[in-house]
Amino acid sequence: MLGLDFIKANREAVERAIAQKNVGLDLDALLTLEGEVRGLKTEIDQLRAERNAISAGFKSAAPEEKAELGRRAKEAGARAGELEGHLAEKQRLLTALQMRVPNIPYEGAPIGPDENSNIVIRTEGSPPEFGFEPLDHVALIEKNGWADLSRITQVSGSRTYCLKGRLALLETKLMAWALEKIAAAEFTPITVPAIARDQAFLNQGQFPGHEEETYQLPNDDLWLAGTAEVALTSLHSGEILESGSLPVLYAGYSPCFRREAGSAGRDVRGLLRVHQFVKVEQYVICEADQAQSAEWHARLLELAESLLTALEIPYQVIETSTGDMGLGKYRMNDIESWVPSLGKYRETHSCSTLHDWQARRANIRYRDRDGKVRFAHTLNNTALASPRILVPLLENHQTENGRVRLPRVLQELMGGEFL
Ligand SMILES: Nc1ncnc2c1ncn2[C@@H]1O[C@H](COS(=O)(=O)NC(=O)[C@@H](N)CO)[C@@H](O)[C@H]1O
């Protein structure tokens with residue numbers, strides 16, 4: 001969320017962000033509430049001051065005045081208590097509105113309502129020329145017995161999967177490989193739970209608004225996160241980090257759970273969109289400096305691209321539009337990998353800069369070099385998410401007889417040229 005002082009000082013920019021991100025938010029109502037909250041705080045302070053002044057003078061007052069003074073002090077205290085009730089309610093309403101204020105989008109982001117306004121900013125590698133009719137990943141899996149995509153549906157329902165044989169080994173080795181590659185870039189490897197309290201989802205930005213896409217554990221007042229970003233955003237919640245300890249760099253590994261409530265009918269075949277998957281997440285907490293955030297954004301993209309290059313998967317980098325990037329983002333670049341059977345690129349990575357929008361919600365602060373306490377900046381990016389990455393991996397490296405020739409980096413991991 002944005003600070004109230006910032007919103008008041010940058011009203012036009014916030015109105016523009018509300019429009020460009022299609023957010024139905026009444027900024028007038030928020031600002032009116034803010035004024036009311038400030039007014040109530042002033043009135044309560046005055047009443048408290050009055051009561052304290054009376055109490056201070058009580059001892060030296062004339063006996064016949066003490067009764068009247070006592071009554072006035074009591075009245076001021078009662079009035080203050082009554083106003084505090086109103087203040088608490090107004091403050092709750094104000095915070096609820098403030099949580100829905102969008103971040104100001106990157107000036108270079110295409111302005112548009114949804115992903116159709118996204119633009120390609122870079123393409124790396126070129127789609128393979130097969131010289132034969134390529135199979136899709138489901139056919140390759142069935143031909144090689146690399147997964148059971150039908151029995152498991154009886155057990156766990158739709159959008160679930162179980163890998164078998166060498167593909168099962170590949171997924172686990174691939175995630176360990178990605179974790180080690182990001183760790184080698186000075187990120188601290190960390191495994192986090194998907195289980196988290198709702199405050200963690202409020203802090204990260206999934207709530208309010210996306211509750212219905214999130215699995216809930218109602219008996220325990222807990223939810224299952226769709227990304228390690230949820231736990232990592234709240235790991236340092238409430239702390240004041242020393243400036244020497246920034247940037248905090250995490251390579252987070254976790255299971256991810258998503259209801260995909262809004263995806264009925266999309267990607268129902270195979271491994272592209274499932275309810276439970278695994279992901280290595282890159283996460284940065286840095287100083288509240290736009291240049292530093294921009295540098296980390298570029299670094300996070302570079303790291304993710306280096307993994308795709310090593311896996312010899314052709315990809316393109318997308319500049320995400322204001323309507324598609326989501327409430328908290330300042331900037332979002334997706335990376336889309338080539339999927340031969342679809343004849344198009346599909347998102348496999350998502351890199352975001354949020355400035356202090358999350359840090360304000362999670363109350364992540366640091367002491368800058370001048371000793372001033374400020375909200376930090378946060379960023380996140382996918383390093384690798386499986387099983388989605390297996391789709392371009394298998395399909396791009398398939399051979400005429402339905403085998404998969406592994407990219408060199410995986411040949412060492414898997415001890416052979418072929419999967
Ligand atoms: N339902 C799903 N099934 C399989 N993979 C998924 C699913 N949802 C997301 N992913 C993978 O997870 C990646 C990141 O998801 S994201 O929502 O776009 N972004 C995040 O979660 C950020 N924290 C960056 O990782 C996606 O690019 C995709 O590769």
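**Exercises on a predicted model**

Leaving out neighbours within four places in sequence, T378 is in contact with Y283, V284, I285, T353, L354, H355, Q358 and I364. The structure is a predicted model, and the exercises below start from this residue.

**Exercise 1. The setting of T378**

State in which strand T378 lies, and decide whether T378 is buried or exposed.

Solution. 
- Step 1: T378 belongs to strand 16, which covers residues 377–386.
- Step 2: The relative accessible area of T378 is 0%. Buried means under 20%, so T378 is buried.
- Step 3: The contacts of T378 beyond its sequence neighbours include Y283, V284 and I285. Strand 10 spans residues 276–286.
- Step 4: In an unreviewed entry, UniProt lists residues 136–407 as "domain: Aminoacyl-transfer RNA synthetases class-II family profile". The end C-alpha atoms of that span are 18 Å apart, and the span is 29% helix and 29% strand.

**Exercise 2. The partners of strand 9**

Determine which strands pair with strand 9 and in which sense, parallel or antiparallel.

Solution. 
- Step 1: Strand 9 consists of residues 248–257, and eight of its 10 residues are buried.
- Step 2: Strand 4 (residues 188–191) runs parallel to strand 9, and four bridges join the two. Within this pairing, T191 has Y253 of strand 9 as its bridge partner.
- Step 3: Strand 10 pairs with strand 9 in the antiparallel sense, over 10 bridges. Here G252 stands opposite E281 of strand 10.

**Exercise 3. Aromatic rings**

Solution. 
- Step 1: The model has seven aromatic pairs.
- Step 2: F201 counts as buried because its relative accessibility is 1%. W223, at 10% relative accessibility, also counts as buried.
- Step 3: Ring pairs join F201, F207 and W223 into a cluster.

**Exercise 4. Charges over rings**

Identify the ring over which the charged end of K66 sits, and do likewise for R403.

Solution. 
- Step 1: The charged end of K66 sits over the ring of F58, at 4.6 Å from the ring centre.
- Step 2: The charged end of R403 sits over the ring of F418, at 4.1 Å from the ring centre.

**Exercise 5. The nonpolar cores**

Give the number of residues in the largest nonpolar core, name the helix that contributes the largest share, and describe the surroundings of L419.

Solution. 
- Step 1: The largest nonpolar core comprises 56 residues, and L167, L174, F187, L311, L390 and L419 have the most contacts inside it.
- Step 2: Helix 7 (residues 165–183) supplies the largest share of this core, eight residues.
- Step 3: Apart from neighbours within four places in sequence, L419 is in contact with W146, R166, L167, L170, L394, V404, L406 and M414.
- Step 4: A second, separate core has 22 residues, among them I7, V14, L83 and W357.

Notes. Residues are numbered from 1 along each chain as its sequence is written. This is a predicted model: local features need pLDDT of at least 70, side-chain atom pairs count only at pLDDT 80 or more; totals for chains, interfaces and linings use all residues. Side-chain values use heavy atoms; hydrogens and water are left out. UniProt positions are given in the numbering used here, feature names are shortened, and annotations may be inferred rather than shown by experiment. Buried means under 20% relative accessible area, exposed over 50%, partly exposed in between (1.4 Å probe, protein chains only). Contact means heavy atoms within 4.5 Å. Two strands pair if DSSP finds at least two bridges between them. Rings of Phe, Tyr and Trp (its six-membered ring) pair if their centres lie within 6.5 Å; planes under 30 degrees apart count as stacked, over 60 as edge-to-face and the rest as tilted. A charge sits over a ring if NZ of Lys or CZ of Arg is within 6 Å of the ring centre and within 35 degrees of the ring normal. A nonpolar core is a set of buried Ala, Val, Leu, Ile, Met, Phe, Trp, Tyr and Cys residues joined through side-chain atoms within 4.5 Å.
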